[in-house]
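Q: I am new to this structure and would like to learn how to read a few of its features. Could you take me through them step by step?

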Amino acid sequence: MNIISKDPSAISSANMPDYEKEYQEFSWDQAKEELTFFEDGTFNAAYNAVDRHANSEKKDRLALIYESDTGEKETYTFSQFKELTDKFANVLTSNGVQKGDRVFIFLPPIPERYIAFLGILKTGAIAGTMFSAFQEAALIDRLSDSGAKIVVTNSELFPRIEKIWKDLPELKKIILTEKDNLPEGENLISYHQEMDKASPNFEIAHMKPDDFAYMLYTSGTTGKPKGVVHAHADLLQAILTTKYVLDVKDSDIYWCTADIGWVTGVVYGVLGVWGLGGTSVVYGGRFSPESWYKIIQDHKVTVWYTAPTAIRMLMGSPVSPKQYDLSSLRHLCSVGEPLNPEGVMWGKETLGLPFHDTWWQTETGSICITNYPSMDIKPGSMGKPFPGVVAGIVDDSGKELPAGQEGHLALKPETVYSLMKQIWKNEEKYQSYFQNGWYISGDQAYKDEDGYFWFVGRADDVIKTSGERVGPFEVESTLIEHPKVLEAGVIGKPDELRGEIIKAFVVLKQGVEPSDALKEEIAAFVKGKLAGHAYPREVEFIDKLPKTRSGKIMRRVLKAKELGLPTGDTSTLEEF
Ligand code: WTA
């Protein structure tokens, strides 16, 4: 096998030069020294990510370097961030926000969303984030389940909320971020007007370490998306993984390409990097090889955290990275879906640096299994458990399996500091993750003789398309709202570029003529109702869906049919 070994200078200069030693000696209790607690033992993640740096010699250091889609640049130091987030916290409390309330952010990538996120944490309210690609169906699920009190958005996105506001009795106010030409109406608030009036000093909420800080909706196999809730002190694992895995140092310019609507954008675009007092780049424009390479070149990015689909798009593009000066780069990481060995090697061959694969989930709150700057890479492997974290491959009864055997990828819950603290209003779902003393991830994997973990696939029907986690049920529910659709079954179909694409099998209502135009109409319908990324790129009409005798759609059978594989055990299947 093609092992990538690290050279001695890379090892000695890494924040964690000796993984095995660190793993042996590590304790979360000791690691807490990375955090600053208030004198009474309470805590606030935003104090740790902003105020403590603003009160230190780091005060004039850049926290955020922002470039918009049209190339305008803005920068914010930690002390500017302190003032702005204090002001925003005052704006929220003067509009009735209290500890424990949910405040959601629905914005494109602009600096205000970072100020809003940290300002919310300062008040003790729970911050929720959403992709700006979400349409009304996705929005209503999240805002009604969470009972959000305030949404921070802009005039362009506001009409989507306006449409559903009448069905959201708990949503009291909307804050709009533009300076001019704001829509007017009752309970519509101007961010800028309020910020201008607000005091630059805020009495930050003293939270218990386990009090809730943020929540993110994510998809499972069944039902609507679930609200995964994280606590303030979960910040510890975010900081430590940013330090030991992403290897961020004071001299670095770090770029995490993830959107804040995804957990990676929250944990590694906000909490980890600023918790550590690092400098982070945010690009407000869309992906293109040209624009991304230019961001690295112009801002002299040194540490880059991105995702396999983007890497594959760069690999397949005629635009060569050699046309840009990317010599500032020194460490590359990837997350979200399996990173093929080709991706790791492409980094090595074209950028002179291999990509380091990292594995984690919305529920785990931070990286759990990963590759390290000081550890040899086996391309295609997710690496080894983070210090403090105990991971195993287990069978259905929770028994650990020996090396080489495939099973459930599981974690000892008490060893994952940032593990979710709750599924919002759904204790049963929360409990279902924990079996026989393990947290069961829903992924299948195996471990090799050297302790490296290898991803095999999902144990359930969750779809990963371009790194985004999509629940088939959400897409099916939206499909059947189309007036010509009777029933639908949705699967992830393997795709070289996107990992998977969403494929829908659709049963039309009686008398409806199938046509290619109708396929397109149905796909566009889902795109317009649910989200820009959560629509079926392929639609196939089918006479009947495979179902269990109790009426559950058997997506496994649809998938087998699609891939030309045996359908497996169909004893519970209705005639198909
Ligand atoms: C998948 C993402 C293979 C996996 C931070 C997991 C991965 C799900 C990897 C979580 C990886 C994430 N290799 N698969 N390195 N990283 N996944 O919650 O199936 O959006 O369970 O969090 O993504 O997706 P989520």
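A: Let us begin with a cut-off: a residue is called buried under 20% relative accessible area, exposed over 50%, and partly exposed in between. Please keep in mind that this is a predicted model.

Q: What should I look for in the backbone angle phi?

A: Most residues other than glycine have a negative phi. In this structure, Asn-187 has a positive phi of about 65 degrees although it is not a glycine, and Asn-187 sits in the loop that runs between strand E6 (173-176) and strand E7 (188-190). Asp-247, which is not a glycine either, also has a positive phi of about 65 degrees, and its place is the loop between helix H10 (235-244) and strand E10 (253-256).

Q: Is Asp-247 buried or exposed?

A: Asp-247 is buried, because its relative accessibility is 2% and the cut-off for buried is under 20%.

Q: Where does Thr-309 lie, and which residues is Thr-309 in contact with, leaving aside its neighbours within four places in sequence?

A: Thr-309 belongs to helix H13 (residues 308-316) and counts as buried at 5% relative accessibility. Apart from neighbours within four places in sequence, Thr-309 is in contact with Glu-337, Ser-466, Gly-467, Leu-497 and Arg-498. With Glu-337 there is also a polar contact, made between the two side chains at 2.7 Å.

Terms used. Residues numbered from 1 in each chain as written. Predicted model: local features only at pLDDT ≥ 70, side-chain atom pairs only at ≥ 80, totals over all residues. Heavy atoms only, no water. Helix = DSSP H or I, 4+ residues; strand = E, 2+ residues; numbered from the N terminus. Buried < 20%, exposed > 50% of the residue type's maximum accessible area, 1.4 Å probe, protein only. Polar contact = N/O pair within 3.5 Å; in protein donor to acceptor, adjacent residues only side chain to side chain. Contact = heavy atoms within 4.5 Å.
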